Amino acid sequence: MAGGSLAALALGSGPAAWAAQDRLIYKDAAAPIPLRVADLMARMTLEEKVAQIRTAWAAKGDMIDDLAFNPKKASAAFPDGIGHVTRPSDKRGVPGITGAAGGTAARWRTPAETVAFINALQRWALEDTRLGIPVLLHEESLHGYMATEATMFPQAIALAGSFDTDLMRRVQGQIAREVRARGVPLVLSPVVDIVRDPRWGRIEETWGEDPYLAAEMAVAAVEGLQGPGKFERLGDGKVFATLKHMTGHGQPESGNNVAPAQISERELRENFFPPFREVVQRCSVGAVMPSYNEIDGVPSHANVWLLGEVLRGEWGFDGIIASDYGGVHELATLHHVARDLEDAAHQALLAGVDSELPEGLAFATLPDAVRAGRIPQSLVDTACAQMLALKFRCGLFENPYGDAALAERITGNNEARALALEAARKGVCLLTNNGALPLNRATMGRVAVIGPNHAIARLGGYSSVPNQTVSLIEGLRMVAPEADFITAQGVFITTSEDRSADEITLADRAENLRLIAQAVEVARGADTIILAIGDTEQTSREGFAKNHLGDRTGIDIIGEQNELVDALAALGKPLIVAAYNGRPPSWPNVVAKADAVLECWYPGQEGGQAVAEALLGDINPGAKLPVSVVRNTGQIPLFYNHKPSARRGYLFDDAAPLFPFGHGLSYTSFAISAPRTAKPRFGREEDVRAEVTVTNTGARSGDEVVQLYITRTGLSVTRPVLELKGFQRVTLQPGESRTLTFTIPARHLAVWDDTLTETNPPGPLRLWAGSSSASLAPLDVEII
């Protein structure tokens with residue numbers, strides 16, 4: 001196992017000039033971090049070291065009275081200090097609160113309560129514990145800080161569909177400010193898993209199927225959270241990011257969360273590793289989280305090759321490796337590769353796991369195991385050094401406190417709301433349109449707004465309760481107050497809206513059929529129909545336990561929603577579908593019956609206004625699909641960057657996707673040229689530069705995402721038919737042209753050859769440019 005550089009230095013001997021000084025070097029902010037770590041480690045007991053690599057979540061109950069931190073209780077329950085606390089914003093540990101996965105504000109502390117808890121905890125840690133070691137805290141922030149009153153941006157898959165890395169950077173910067181103001185320096189995001197199975201309930205958390213898009217979005221997200229480039233100490237208003245989940249998580253067996261990932265090393269290196277590798281090599285990312293699943297029989301939390309040889313060794317990662325919740329003890333309880341919790345702890349430490357989340361149940365066995373000689377203390381020392389180094393890099397020893405006034409001032413404020421609205425606007429994707437959109441205020445007449453998602457703001461998984469939300473009908477009435485909107489429920493999807501509920505029950509069919517008949521009568525009196533359908537936060541989600549499932553065998557729209565579509569389509573009126581969903585819209589009946597389909601995803605707290613603006617033509621949709629959308633489950637897995645021998649065809653069905661990767665329409669039209677290069681041949685170490693001209697050939701302004709792909713042939717191994725290697729989103733006025741320059745670094749042309757050596761061999765290279773993976777113009781060049 002290759003240890004991180006900071007920890008390795010810390011465990012070695014420091015310069016004599018520092019070591020000779022008779023003072024607490026670890027409390028000297030001017031001292032080098034490795035020496036501060038080494039000095040502190042030399043003063044610690046085994047129990048104190050183990051405390052640093054454990055966490056407390058439900059154990060928050062042992063340090064509080066109601067919600068208030070109690071220093072006496074903490075000293076009694078944690079005599080060796082507290083290394084790490086899980087989600088200080090939730091009420092886990094309070095009697096009656098067994099989970100905090102979302103749902104209602106009753107599960108969350110207010111911002112002021114969170115800051116008060118954190119500040120009291122840190123004062124105790126600095127002033128009342130033997131060595132004064134501050135506590136590390138982490139929160140969730142997938143598409144916004146998962147805490148009350150924080151800004152909820154569009155779900156991750158919608159942000160990916162924006163194809164706008166600058167937007168991603170700004171969104172994550174706002175998230176970082178809101179989190180850090182409350183005193184939290186670490187977040188468990190972003191998710192950089194490549195996803196290839198729409199049955200998987202966590203697809204909404206990802207940036208889609210393409211390794212290049214996911215990598216560029218990942219770098220932008222981490223830069224927004226942490227700051228750009230390589231650095232040692234975290235800046236003001238920034239938080240360390242956690243890359244998750246390494247890896248193969250997005251293509252589990254049968255689409256079932258946590259199931260084995262049957263993926264070869266070549267597939268890992270070509271498709272699943274690149275987003276992790278790009279971030280690690282371009283940023284000082286604070287943490288990486290292993291995945292729950294196994295690869296080739298080895299669970300990721302015990303995979304020495306994955307975490308030690310590749311992550312720390314090949315890529316030089318020097319942050320912490322934090323377990324997924326329960327990932328260490330599941331080596332014994334789920335995977336059965338460990339005899340017991342002690343053995344699970346041993347295997348995880350050997351692989352390089354530094355922190356066991358959320359409670360540290362397996363690591364609790366370490367003091368006895370080390371003293372008995374069953375586990376080397378050096379493994380504990382290495383993990384502890386990594387955790388301490390991160391705390392020093394966060395500046396926790398100097399200032400671990402939150403600022404309640406700052407949090408109140410910046411959280412969910414007008415600036416944050418404006419950014420959430422911009423993100424929602426840029427995430428809306430027009431899938432089909434026979435001319436029904438945009439709606440014309442002068443001719444649309446009475447508009448029936450119908451469906452289970454017309455009057456609720458769908459936020460998606462890993463959301464809390466923001467200050468305000470805007471539903472579709474609220475947005476329509478806000479944007480067009482003079483219009484005549486009438487509404488009907490149409491159907492219910494499930495029997496409740498509690499996203500943290502374990503048991504999920506579909507709505508009553510008989511009641512839904514009655515509601516469909518009612519909706520038809522409402523629509524009969526209208527001139528235009530807007531139908532808001534799709535998923536809820538219950539019907540596609542993280543299935544984190546057998547009693548809390550989230551994956552599905554079917555991918556079409558569920559319940560009686562297709563029957564609602566059929567009944568409304570039969571009226572012969574313009575039918576416009578607003579799709580609210582976290583999984584891709586594999587809805588062939590809906591697509592066939594609707595006059596237009598607008599993919600809204602889960603558009604965040606301001607989504608209702610953004611979608612209304614898109615429907616009424618106040619904005620022009622410009623997003624693209626970050627995934628291929630399959631027609632049926634028989635096509636799974638389907639992804640655009642397949643090998644030449646794949647997708648030959650099927651009897652009695654179409655092998656093509658319902659919608660291709662990169663697809664997205666506009667209210668205007670664009671012409672995109674074939675790529676142009678200054679020369680026909682490029683050296684193997686040379687970057688390839690190409691120009692593409694895009695012209696708005698329509699009558700209104702709009703955004704286009706120009707996409708650059710490559711195809712490599714004639715090599716020792718097969719290559720995908722297409723690989724995305726560049727994208728740029730541009731706004732053009734009618735008649736305006738712009739020439740875009742794309743640079744493909746030589747390292748992005750490299751392949752893993754037949755000996756699994758990374759190389760950029762000579763041979764033909766075809767460049768493609770266009771508006772989607774299915775609409776491209778080529779240019780042939782050569783690598784020599």
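Modeller: A residue counts as buried when its relative accessible area is under 20%. The model under discussion is a predicted one. In strand E15, Leu-575, Val-577 and Ala-579 point one way, while Ile-576, Ala-578 and Tyr-580 point the other way, and all are buried.

Biologist: What makes E15 a mostly covered strand?

Modeller: Six of the six residues of E15 are buried. In E15 the residues pointing either way are buried.

Biologist: Why is Gln-251 called buried?

Modeller: Gln-251 has a relative accessible area of 18%. The cut-off for buried is under 20%, and therefore Gln-251 is classed as buried. Gln-251 is placed in the loop between strand E6 (242-246) and H10.

Biologist: Which residues are in contact with Gln-251, leaving aside its neighbours within four places in sequence?

Modeller: With those neighbours left aside, the contacts of Gln-251 include Ile-194, Arg-196, Phe-272 and Pro-637. Contact requires heavy atoms within 4.5 Å. As for Val-694, its C-alpha atom is separated by 35 Å from that of Gln-251, and the two residues are 443 apart along the chain.

Biologist: How do you know that E14 and E15 pair?

Modeller: Pairing requires at least two bridges between two strands. Six bridges join E14 to E15, so the two strands pair, and they run parallel. Within this pairing, Gly-534 has Tyr-580 of E15 as its bridge partner.

Biologist: What makes E12 and E13 a pair, and in which sense do they run?

Modeller: Strand E12 (residues 447-450) and E13 share four bridges in the parallel sense. At least two bridges are needed, so E12 and E13 pair. Ala-448 stands opposite Ile-486 in E13.

Biologist: Why are E11 and E13 called edge strands?

Modeller: The open sheet has six strands in the order E11-E16-E15-E14-E12-E13, with mixed pairing. Strand E11 (429-433) and strand E13 (485-488) each pair on one side only. From one strand to the next, the twist averages 20°.

Biologist: Which helices lie across E12 and E14?

Modeller: Helix H20 (residues 509-524) lies across E12, E13 and strand E14 (528-534), running at about 170° to E13. Helix H21 (residues 561-569) lies across E12, E14 and strand E15 (575-580), and runs at about 170° to E14.

Key: Residues numbered from 1 in each chain as written. Predicted model: local features only at pLDDT ≥ 70, side-chain atom pairs only at ≥ 80, totals over all residues. Heavy atoms only, no water. Axes fitted to C-alpha atoms, helices over the stretch in contact; angles between N-to-C directions. Buried < 20%, exposed > 50% of the residue type's maximum accessible area, 1.4 Å probe, protein only.
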